[in-house]
Amino acid sequence: MCSKNKSERWSKRAAHGGDRAVGAVAGVKLALREKVEEDAGNMALEQLSDVVQRCQAIQDENFSPVDFDQFQSAGKTCIEQGDSAQVLSIIIDDKNANIVRCMGWNLLEPLVKVLLKKEDKNCPHCHAILTHLIEVCSAKELVVGLLEQVEEADSDAIAETIILLLKPLQTVLLKLGKKKSSSVGMALSTVLGQVAQLPVPLSKEQEEDDVFGLCRCCTALLDFIRPFVEEVKENIKHSRSISRDDELKGEILKFCMKSLSEPLLEVQLKDPDTLEQSPLRDFATEILVILSSIGEPLPNLLCHNMLRKREVPGFLEEDVRYPKESLACLAHLLFVKHIAMDIFPAVLSPIFLLQCNMEYVELLLSRTEESRLEKGLELYEKTLVRVEDCSLPVDLLDLKPFFSVPQNLVKVMTLCPVQTVRTKGLSVFQLSIDKFNTEAKYKFFRCMLKTSEHAGVEGYIIKNIKNQIDLSLGPGNENEWFLGKHLLPLLHQVLRLPQGPETDLLHNLDRIMESLNLLRYLLIRDKEWENETGIWNELYKIEDSFLKPLRMGLNMSKAHYEAELKNAKENKKSSGTESKAAACTVTVGNEKLPNMTPEMQLQVLQSALFTFDLIESILARIEEIAEAKGRV
């Protein structure tokens, strides 16, 4: 027993001894590494001192590429190794002024890396070095160097890099005097390009937390651009005119247009009731204020596409100067978010504003991104509610956007995967119909029935036609478009089967049901002796072109589905209980339905037959009414 305990104690001692040995080895390695780093730092400091001393003797700043490389390499190593205090003493030494003025900007990269590590003890010295370089180095070289750091920032450090460098960059640009316009434009373009990579906050909480820094970047950008905006405003005040050739104004205009498309078009701004302090809403507001203050009135921008004369040379340049996507965002900010409306005059008519906004609605609804579709629907709705019902004239339908927007709306209503967007699309579609006058509604319905390839949309249009006829039959509402000779061509367009008796009745169910409901309504509502709609004179034609083909197609479809149902029942009975859950296929109209269980198969076939019975009941009622009148 004693020997066993001894053995265990020796094992434990050996294990502890092994741990101490491993720890000792790790400590030695760490010490060696620190010693190597210290030696490397000392060597770099010596190299930096050597190159500086050598360069002090060079006249007329005629430094060689080797001098530049050695200064950059040694200075970078010193800063990275924590010798920034020694570097600072070299940088601020008056004897080295020429050297620093020519070469100092090459130290921006290591300085930025240290400054981004905010807890680093060397940050104060690095700040001092950066401040001194900004004061003494060539402004043009500093602009290039600073923008390189912004452009090459790691994806997780974009915001911090921008916020760190915007103030030094502003200082350098202001030193360029009258020749700064192109450099300002380059800086704004570079920074916005990086800002566009930052994720957009979607919720109130995300905007408040600002984890990715988009809000802080937008706020910093406003501070950055302010002195340049003030300079343009002063130029306008002193010249008493607005010159399109003002380069600085042109660069600020580009910045504003770019900001409208990215990030503002991507952002869903929160109302003040939801988020009292919103940096993104403040950014949007300030962008519109800047545009107005630099001689770009908001009404002119909004109506730009309508007011410009395309016969003037250079209109393609105008498209670049005023991108339509940016102007679409401007319209959304004005009419949906009511931003900067206090500087937007209320003298423009609602119909004119609708014409202005239709191109922007068309653009937004032609996209597939949910955010774009939502903004397009919101803009269209807010513009339409300003317009009186039944006031839009028919000649507007000759304008391309008034044709394209309904087509885009149909795609939204039928193809968008988001239920709320589809529902909103239908609501706005109906609102747009309500704003047309009677003749415009008539022409719109005919156009939609001709161009639509979706039975649900066609059924919805036919329901609207029925409502317009019902309105026209009311006392004091008579009109020539939904009664009499103009109505008949529209009725013939409605009361037809797209492929005759071969028409797929289930696929076209919405259209067929609404067509039958319309015909039944007309025969009941419009008495034969009054015949205000003219339906009784056309009933024999409708019988040949619609009712008979429908009856024939109905009989064929019922026979086909009854046979399928019979086969399905027999298959299920013969297959027994083992394959109750087995998948099978059904072929209908030469098309295979997805795999389904026998129970699901029976339900589908029975549902189809119930639908055919419903169609047949309405058809029979129509035939009954017509026969009672002695017309069929």
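Which residues line the largest cavity?

## The cavity

The lining of the largest cavity is made up of Leu302, Cys303, His304, Asn305, Met306, Gln355, Cys356, Glu359 and Tyr360. A cavity here is a set of points, on a 1 Å grid over the protein atoms alone, where a 1.4 Å probe fits but cannot get out, and lining residues have an atom within 4 Å of a point. Searching the whole structure turns up 1 cavity of 30 Å³ or more, and the largest has a volume of about 30 Å³. Volume is the space filled by probe spheres set on the points, with grid points joined across faces, edges and corners.

Two or more lining residues come from each of helix H15 (304-307) and helix H18 (350-365). H18 gives the most, with 4 residues. Helices are DSSP runs (H or I, at least four residues), numbered from the N terminus. Sorted by class, the lining has 5 nonpolar, 3 polar and 1 charged residues. In that scheme Ala, Val, Leu, Ile, Met, Phe, Trp, Tyr, Cys and Pro count as nonpolar, Asp, Glu, Lys and Arg as charged, and the others, Gly among them, as polar.

## Ground rules

This is a predicted model, where local features need pLDDT of at least 70, side-chain atom pairs count only at pLDDT 80 or more, and totals for chains, interfaces and linings use all residues. Residues are numbered from 1 along each chain as its sequence is written, and side-chain values use heavy atoms, with hydrogens and water left out.

## H18 against H19

H18 turns up again in a helix pair: its axis and that of helix H19 (residues 370-384) come within 8 Å and cross at roughly 165°. Axes are lines fitted to C-alpha atoms, for helices over the stretch in contact, and angles run from 0 to 180 degrees between N-to-C directions. The two helices are therefore roughly antiparallel to each other (angles over 145 degrees count that way).

On the H18 side, the contact (heavy atoms within 4.5 Å) includes Leu353, Leu354 and Tyr360. Among the H19 partners are Arg372, Lys375 and Tyr380. By class, this contact has 12 nonpolar, 3 polar and 2 charged residues.

## H5 against H6

Helix H5 (residues 108-116) and helix H6 (residues 123-136) pack at an angle of about 140°, with axes 9 Å apart. H5 and H6 are therefore oblique to each other.

Leu108, Leu111, Val114 and Leu115 of H5 meet Cys123, Cys126, His127, Ile129, Leu130 and Leu133 of H6. That contact has 9 nonpolar, 1 polar and no charged residues.

Methods:
1 Å grid on protein atoms, 1.4 Å probe; cavity = no way out; pocket = protein on both sides within 12 Å on 5 of 7 lines; lining within 4 Å. Parallel < 35°, antiparallel > 145°, perpendicular 65-115°, else oblique.
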